[in-house]
Amino acid sequence: MFTTTCLWVAAVSLYGLFWLWYVGIKGKLSPVEVEQYMQGFEALKLSESKLSNLRHFLENDDGREWFMINLLQLKSPKSESAALLQNYSKIFMAGMFKRAGHPFFMARAKAKNMENLHCDQADNWTMGAIVRYRSRRDCAEVFLQTFGSEHHADKLAALEKTLAFPATTTLLLGSPRVLVALGLALISASIQILFL
């Protein structure tokens, strides 16, 4: 017979499986891994400045999730550029989702910059987005599959300009780690009240 104990063991087990996928257990990148990934990036003939920035990012891995902050301006006609960007996003995000990466925030711009200090050319944005990455290891693997690919060419063809930088959080409200735990607890409690 399905008991209250079985119910909560199942709920905790489900959350454990979610945690393994969403957080992972591999930890920080090792120096050997960094060199392997950098060899892959060097083979793509990226610029020296980009290679230097990637190396710094990978060597300073803290093992935590992180977020890419993106600002994008689409080329005109925007409908065609939006279609190209959507094609890129479908392929890119499919690779990301396997690694527990996902869009965290997406928004359309409604006016020019409200504040602008020494960045006069960084204006007229079409949209902004924040994408969650499980780890820098996942980032390296996805980027190696992306840079120079046909779908990445679609992104570049769609954009007039873009700005993207990685960041780790100092405050994060509404993390899926919390929301999934609360959701499973609510479902389990409801089942217990209604059926057990």
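Start with Arg137, which lies in helix H5 (helices are DSSP runs of H or I with at least four residues, strands are runs of E with at least two, and both are numbered from the N terminus). At 6% relative accessibility, Arg137 counts as buried (buried means under 20% relative accessible area, exposed over 50%, partly exposed in between, with a 1.4 Å probe and protein chains only). Show what surrounds Arg137: apart from neighbours within four places in sequence, it is in contact with Lys26, Gly27, Lys28, Leu29, Glu33 and Tyr37 (contact means heavy atoms within 4.5 Å).

A quick note before moving on: this is a predicted model, where local features need pLDDT of at least 70 and side-chain atom pairs count only at pLDDT 80 or more, while totals for chains, interfaces and linings use all residues. Residues are numbered from 1 along each chain as its sequence is written, and side-chain values use heavy atoms, with hydrogens and water left out.

Now pick Ile25, in the loop between helix H1 (4-22) and H2. Is Ile25 buried or exposed? It's exposed, with a relative accessible area of 71%.

Next, select Leu58. Skipping neighbours within four places in sequence, Leu58 is in contact with Leu29, Val34, Tyr37, Met38, Phe41, Arg136 and Ala140. Leu58 also belongs to the largest nonpolar core, which has 29 residues; Phe41, Leu58, Phe92, Tyr133 and Phe143 touch the most other members (such a core is a set of buried Ala, Val, Leu, Ile, Met, Phe, Trp, Tyr and Cys residues joined through side-chain atoms within 4.5 Å). Colour H2, helix H3 (48-59), E1, H4, E3 and H5 to see the elements that give two or more residues to this core. H4 gives the most, with five residues.

Time for the rings. The structure holds 13 aromatic pairs (rings of Phe, Tyr and Trp, using the six-membered ring of Trp, pair if their centres lie within 6.5 Å; planes under 30 degrees apart count as stacked, over 60 as edge-to-face and the rest as tilted). Select Phe41 and Phe147: their ring centres are 6.2 Å apart and their planes sit at 50°, so this pair is tilted. The pair links distant parts of the chain, 106 residues apart, with Phe41 in helix H2 (residues 31-43) and Phe147 in the loop between helix H5 (136-146) and helix H6 (150-158). Phe41 and Phe147 are both buried.

For a stacked pair, go to Tyr88 and Phe92, at 5.3 Å centre to centre with 15° between the planes. Both lie in helix H4, four residues apart, about one turn of the helix. Tyr88 and Phe92 are buried too. Then highlight Tyr15, Phe18, Trp19, Trp21, Tyr22 and Phe97, which ring pairs link into a cluster.

Last stop: the sheet. Its four strands form an open sheet in the order E2-E3-E1-E4, with antiparallel pairing (two strands pair if DSSP finds at least two bridges between them). Strand E2 (102-108) and strand E4 (159-167) are the edges, each pairing on one side only. Strand E1 (residues 66-74) and E4 run antiparallel, joined by eight bridges. To find one of them, select Asn70, whose bridge partner in E4 is Ala164. Finally, show helix H4 (residues 78-98), which packs on the sheet and touches E1, E2 and strand E3 (127-133).

Technical notes:
Axes fitted to C-alpha atoms, helices over the stretch in contact; angles between N-to-C directions.
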